[in-house]
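Hi,

Here is the structure I promised to pass on.

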Amino acid sequence: MQKENFIILNHQDSFADILTTTVYGKILERLSSKKCVFENISPKREMIENLFNETSLKFDYLSTYHIESIKKKAVILNNKNKLSRTLRKKNFHNKNYIIDIKKINLKDLEFFTDETKKLFTYKNINFIVNFDILESIINSNSIGIYIDKKDKNNINCEFLTKAILRLNKYIKQPRIFIFCSEEIKPCLDLAINCSIITLADKKEEFYFLVKCKYKIILNLKNSYSPSLLAMLLNKKDYRINIIQKENNSLLIF
């Protein structure tokens with residue numbers, strides 16, 4: 001196995017970072033002849049499989065020993081746009097790659113094909129407990145907003161209100177669902193009525209976010225990538241999504 005070329009997903013501790021590295025790993029695996037692998041660390045292996053075990057994702061693992069020997073000569077693809085450049089070159093050479101990226105790049109959306117989408121689509125929803133919430137989302141013009149607890153000190157409520165008001169112009173009787181933890185609630189100073197949903201199960205929370213017909217995607221370190229992936233998994237031509245840009249302006253999809 002050591003002679004093969006691998007795409008190694010650098011282990012992450014947060015839900016957002018696991019999603020991001022896995023998305024890019026599967027895109028690179030599809031574009032190259034390399035195998036996408038996780039390091040076989042038991043607690044993190046359990047967390048990854050718990051998030052994705054109802055999807056079409058296949059998991060390959062290498063021992064820590066093999067990973068460490070590969071890392072010595074591997075190319076690290078990180079947030080400094082090296083990964084985007086690699087995707088566009090389509091020339092991966094005879095190298096191993098380590099993906100250590102925290103945020104999906106908007107210009108890489110062209111590589112998120114229907115084939116990639118199918119890998120992240122849940123086939124089994126036995127994990128869902130709160131069917132009343134799911135029913136409310138499906139049966140309304142639902143707007144989904146995800147805010148990670150690590151981003152609680154960086155929420156721009158003025159932008160969030162502006163984005164919601166903009167969607168109000170396009171959508172009849174919208175219902176707004178903000179998915180966040182308890183510690184986020186005191187930070188939300190919104191004049192607009194919203195349903196604030198706090199769920200312990202990240203898989204259920206992400207599934208509900210995907211099912212929301214419209215999204216507002218905040219440019220926050222830990223909230224951005226899950227929101228963008230949720231948009232991609234449920235993007236249809238007639239649906240409108242708002243993304244916060246670096247200068248707090250609106251980018252409408």
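Helix α9 (residues 224-233) is mostly covered, with 10 of its 10 residues buried. Buried here means under 20% relative accessible area, while exposed is over 50% and partly exposed lies in between (1.4 Å probe, protein chains only). The buried residues run through Tyr 224, Ser 225, Pro 226, Ser 227, Leu 228, Leu 229, Ala 230, Met 231, Leu 232 and Leu 233. What covers them includes α1, α5 (114-119), β6, α8, β9 and β10, where contact means heavy atoms within 4.5 Å. Helices (H or I, at least four residues) and strands (E, at least two) are DSSP runs, numbered from the N terminus.

A word on what you're looking at: this is a predicted model, in which local features need pLDDT of at least 70, side-chain atom pairs count only at pLDDT 80 or more, and totals for chains, interfaces and linings use all residues. Residues are numbered from 1 along each chain as its sequence is written, and side-chain values use heavy atoms, with hydrogens and water left out. As for pLDDT, that is the predictor's confidence in each residue, from 0 to 100. The protein chain has a mean of 87, and 98% of its residues reach 70 or more. Among its elements, helix α6 (residues 131-138) has the highest mean pLDDT, 96, and helix α4 (residues 82-89) the lowest, 80.

Now the sheet. Six strands form an open sheet in the order β8-β7-β6-β9-β10-β11, with mixed pairing; two strands pair if DSSP finds at least two bridges between them. At the edges sit β8 (195-197) and β11 (250-252), each pairing on one side only. On average, neighbouring strands of this sheet are turned by 25° against each other, direction ignored. Strands β9 (residues 214-217) and β10 (residues 241-244) pair in the parallel sense over three bridges, and Lys 215 has Asn 241 in β10 as its bridge partner. Helix α6 packs on the sheet, touching β6 (141-146), β7 (174-179) and β8, and its direction makes about 140° with that of β7. Axes are lines fitted to C-alpha atoms, for helices over the stretch in contact, and angles run from 0 to 180 degrees between N-to-C directions.

On to charges. Taking a salt bridge as a side-chain nitrogen of Lys or Arg within 4 Å of a carboxyl oxygen of Asp or Glu, the count comes to 10. One of them joins Lys 203 and Glu 54 at 2.8 Å, N to O. That pair links distant parts of the chain, 149 residues apart: Lys 203 is in helix α8 (residues 202-211), and Glu 54 is in the loop between α2 (42-52) and β3 (61-62). Both Lys 203 and Glu 54 are buried.

Another salt bridge joins Lys 102 and Asp 100 (3.9 Å, N to O). Lys 102 counts as partly exposed because its relative accessibility is 26%, and Asp 100 does so at 25%. Asp 17, Asp 100 and Lys 102 are linked in a network of salt bridges.

Last, have a look at His 11, in the loop between β1 (6-9) and α1 (15-31). Is His 11 buried or exposed? His 11 is buried, because its relative accessible area is 15%. Not counting residues up to four places away in sequence, His 11 touches Phe 38, Glu 39, Ile 41, Lys 44 and Ile 48. His 11 and Ile 41 are 30 residues apart in sequence and 8.8 Å apart in space, C-alpha to C-alpha.

Cheers
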